[in-house]
Amino acid sequence: MVRSYVMPVGSRKHCDYSKEKLEEALDKIKTGQLTQRQVARTFNIPRSTLKNNLKGLHSKSAGKPNILNSGRRELSPDIIKKYFNCSEKELQDVPSENIWNYDETNLVDDPGRKKVLVKRVCKYPERVKNSSKAANSVMFCGNAMVYKAENMWDSWTKGGWPHSRYNRSKTGWFDAHSFQDWFFSLTLPRLKKQAGKKAFLGDNLSSHLSLRVIQACNTVKNIFHNIAFLPLPHLTQPLDVSFFRPMKAAWRSILSKWKTVDGDRQRQWQKMGFEDY
């Protein structure tokens with residue numbers, strides 16, 4: 001199937017009309033030639049569709065968003081080129097060991113689907129393993145863990161990775177408070193030990209953009225830190241492909257093993273002792 005494939009009119013009930021036909025129908029209503037009900041019967045277009053278009057609602061394309069939708073469609077090649085040109089200037093004379101890339105991801109409780117071995121006569125094989133919507137957010141660049149909870153308990157941090165930072169949020173994702181806590185407790189003390197200019201690269205998420213963090217990259221208590229804070233477009237995030245993809249494959253393997261041995265009677269894995277796996 002070619003990339004420019006257009007579904008012909010009449011092949012499905014949803015949106016069974018052309019764009020030109022819809023514009024003509026709307027023009028009949030706007031000029032007062034026909035009422036909404038008359039246009040709906042004449043052009044065979046749902047009245048709700050006509051009302052939404054007159055109000056400017058649901059103007060986006062129907063269907064599942066692709067990788068460039070949901071706010072990323074505006075990332076044209078020219079914008080990407082401008083970003084790299086700007087980054088090239090900022091990264092000039094910055095040693096490779098002084099370039100830090102950070103990003104967060106979510107570790108879920110579902111190990112995913114796997115193949116099963118059954119008898120030939122079995123028509124409907126099933127592989128049942130408990131799973132839930134529980135998830136923890138992990139920030140990589142400096143070790144940080146954010147649990148989905150109202151409160152933080154000391155037992156959740158015992159036996160974890162050395163020099164790590166733990167926090168919690170209602171959603172399980174980093175918020176502005178968690179991000180600042182991670183930056184000032186782990187990242188900034190490490191960057192301050194490096195000589196020369198440093199670069200701090202990460203997603204341009206609203207929770208990762210903090211005025212206090214940006215100001216700290218330059219000066220804190222009259223101390224110049226010389227850190228370039230560079231938010232990057234999500235499509236250019238190196239950690240997504242180079243690190244998170246193989247890491248999540250390993251995580252699903254560990255989670256599947258735990259559910260078979262230790263977690264077969266538990267609804268979900270517990271936060272206490274999480275790092276043991």
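This is a predicted model: local features need pLDDT of at least 70, side-chain atom pairs count only at pLDDT 80 or more; totals for chains, interfaces and linings use all residues.

Biologist: What makes Lys197 and Glu90 a salt bridge?

Modeller: A salt bridge is a side-chain nitrogen of Lys or Arg within 4 Å of a carboxyl oxygen of Asp or Glu. The closest N and O atoms of Lys197 and Glu90 are 3.7 Å apart, so the pair meets that rule. Lys197 sits in the loop between helix H5 (176–192) and E6, and Glu90 in helix H4 (residues 77–90), so the pair ties together parts that are 107 residues apart in sequence. Helices (H or I, at least four residues) and strands (E, at least two) are DSSP runs, numbered from the N terminus.

Biologist: How many salt bridges does the rule give?

Modeller: The count is two. Asp181 and Arg165 also form one, with their closest N and O atoms 2.9 Å apart. This pair links helix H5, which holds Asp181, to strand E5 (residues 165–169), which holds Arg165; the two residues are 16 apart in the chain.

Biologist: Why is Arg165 called partly exposed?

Modeller: Buried means under 20% relative accessible area, exposed over 50%, and partly exposed in between (1.4 Å probe, protein chains only). Arg165 has 35%, so the label is partly exposed. Glu90, at 30%, is partly exposed too, and so is Lys197, at 22%.

Biologist: And why is Lys55 called exposed?

Modeller: Lys55 has a relative accessible area of 61%, so it passes the cut-off for exposed. Lys55 lies in helix H3.

Biologist: What makes Lys55 part of a positive patch?

Modeller: Lys55 gathers with Arg37, Arg41, Arg47 and Lys51 in a patch of positive charge on the surface. Patches are made of residues with over 30% relative accessible area and no salt bridge, with like charges joined within 9 Å and nonpolar side chains (Val, Leu, Ile, Met, Phe, Trp, Tyr) within 5 Å. Helix H3 gives the most to the patch, with three residues.

Biologist: What does the side chain of Lys198 reach?

Modeller: Lys198, in strand E6 (residues 198–203), reaches the backbone oxygen of His225 at 3.0 Å. Lys198 is buried yet has no salt bridge, and the nearest side chain of opposite charge, Glu97, is 11 Å away.

How values were computed. Residues are numbered from 1 along each chain as its sequence is written. Side-chain values use heavy atoms; hydrogens and water are left out. Accessible areas come from the Shrake-Rupley method with a 1.4 Å probe; for residues, only the protein chains shown count as cover. Lys and Arg count as positive and Asp and Glu as negative; His and the chain ends are not counted. The place of a charge is taken as NZ of Lys, CZ of Arg, CG of Asp or CD of Glu. A polar contact is a pair of N or O atoms within 3.5 Å; within protein, one must be able to donate a hydrogen and the other to accept it, and residues adjacent in sequence count only if both atoms are side-chain atoms.
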